[in-house]
Amino acid sequence: MFLSKLINPIVHAIRFKKIVKMAEDGDVTLQNKLGVMYHNGTYVKQDYAQALYWYTKAAHQGYAPAQTNLGEMFEYGYGVAPDDTEAAHWYQKAAHKGDTIAQNAFGWMVESGRGVEQNEAEAFHWYHRSAEQGNADAQYNLAQMYHAGRGVEQDYKEALHWYRKASEQDYPPAQTALGLMYVRAQGVIQNDVQGIDWFHKAALHGYADAQVRLAEMYEGRKEPQKAFKWYVKAAQQGNSEGQTNLGLMFVFGNGVIKNNVIAYALLDMAVENGSETAKEIRDTIAKELSLTQKEEVKFMRKEPDKMWKLIENYLDKKIEK
């Protein structure tokens with residue numbers, strides 16, 4: 001056992017030296033591989049400067065995956081000052097070579113007007129090229145374009161097609177959007193059961209927006225315990241809509257024991273996360289709180305773990321599932 005522990009680091013060191021030597025001799029695949037290793041801290045200490053160095057060497061030799069990785073470094077400011085122009089430059093180079101990740105990334109830069117002139121029609125073009133190669137991000141982005149009629153004529157059938165393609169790859173935002181199309185009868189016959197099914201798939205991945213949509217469906221079907229479960233999950237992730245809706249359950253005693261202190265704490269969280277709706281309701285509740293209750297709210301806000309345990313205990317067990 002001791003010998004194997006001693007040998008493995010030696011073997012890794014020898015292999016790493018060989019990789020570095022071949023990369024220095026101009027092997028673009030290994031230059032990019034070294035960049036990835038330093039970027040992620042795989043087998044080496046994470047070092048963005050080294051990642052940038054190796055990506056740049058491979059990118060200047062025209063290696064598309066490295067150009068994509070270099071674009072990401074500039075977009076997010078890994079080891080370098082964020083620079084949208086440089087990011088778009090490298091994404092575009094890789095996109096023209098057929099790199100599906102770069103095509104989607106460049107499409108997003110073009111759609112957003114970041115580092116390049118904003119152009120929805122061109123963004124649609126790049127999303128489409130990437131989506132046809134099976135990129136789930138691009139399939140979702142393309143569906144969004146069709147859904148809203150951006151860069152292309154609005155077409156719910158096409159939106160549905162591409163949302164489904166991405167959903168079949170377990171892409172939660174697409175699964176949520178597909179669920180909404182079934183619920184709203186957009187491009188498909190209205191079907192709440194299908195909507196719930198897609199929301200549930202995305203919710204199980206921990207996608208907060210889907211958890212809220214699923215909870216809303218259950219609330220509408222008079223199943224407050226199920227709604228409560230999913231609102232809690234979304235609210236714990238900081239989702240303001242989930243926090244607001246959960247707060248409202250405590251305001252009206254819908255499936256839970258009515259409690260204005262918990263309601264206020266949840267709504268206050270939602271306000272902190274940008275909800276204007278929650279602010280109006282919270283301020284109304286504030287007028288009804290006693291000094292003791294206001295102190296209870298302060299305690300909950302300081303001890304969120306204890307607050308969540310308390311919230312779960314307020315589920316009205318008398319209500320049938």
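Helix α12 covers residues 208-220; helices here are DSSP runs of H or I, at least four residues, numbered from the N terminus.

Residues are numbered from 1 along each chain as its sequence is written, and side-chain values use heavy atoms, with hydrogens and water left out.

The mean pLDDT, the predictor's confidence in each residue from 0 to 100, is 93 for the protein. Over residues 1-6 pLDDT stays under 50. Where pLDDT is low, the predicted coordinates should not be read in detail.

Back to the helix. Buried means under 20% relative accessible area, with a 1.4 Å probe and protein chains only. The buried residues of α12 include Ala208, Val212, Leu214 and Tyr218. Among the elements covering the buried residues are α10, α11, α13 and α14.

Now α14, residues 240-252. How do α12 and α14 pack? Their angle is about 30 degrees and their axes are 9 Å apart, the axes being lines fitted to C-alpha atoms over the stretch in contact, with angles from 0 to 180 degrees between N-to-C directions. Angles under 35 degrees count as roughly parallel, so α12 and α14 are roughly parallel to each other. In contact, meaning heavy atoms within 4.5 Å, residues of α12 including Asp209 and Arg213 meet a set in α14 that includes Glu241 and Asn245.

Just after α12, lysine 222 takes a positive phi of about 60 degrees.

Notes: This is a predicted model: local features need pLDDT of at least 70, side-chain atom pairs count only at pLDDT 80 or more; totals for chains, interfaces and linings use all residues. Helices (H or I, at least four residues) and strands (E, at least two) are DSSP runs, numbered from the N terminus. The expected span of a helix is 1.5 Å times one less than its number of residues. Buried means under 20% relative accessible area, exposed over 50%, partly exposed in between (1.4 Å probe, protein chains only). Angles under 35 degrees count as roughly parallel, over 145 as roughly antiparallel, 65 to 115 as roughly perpendicular and the rest as oblique.
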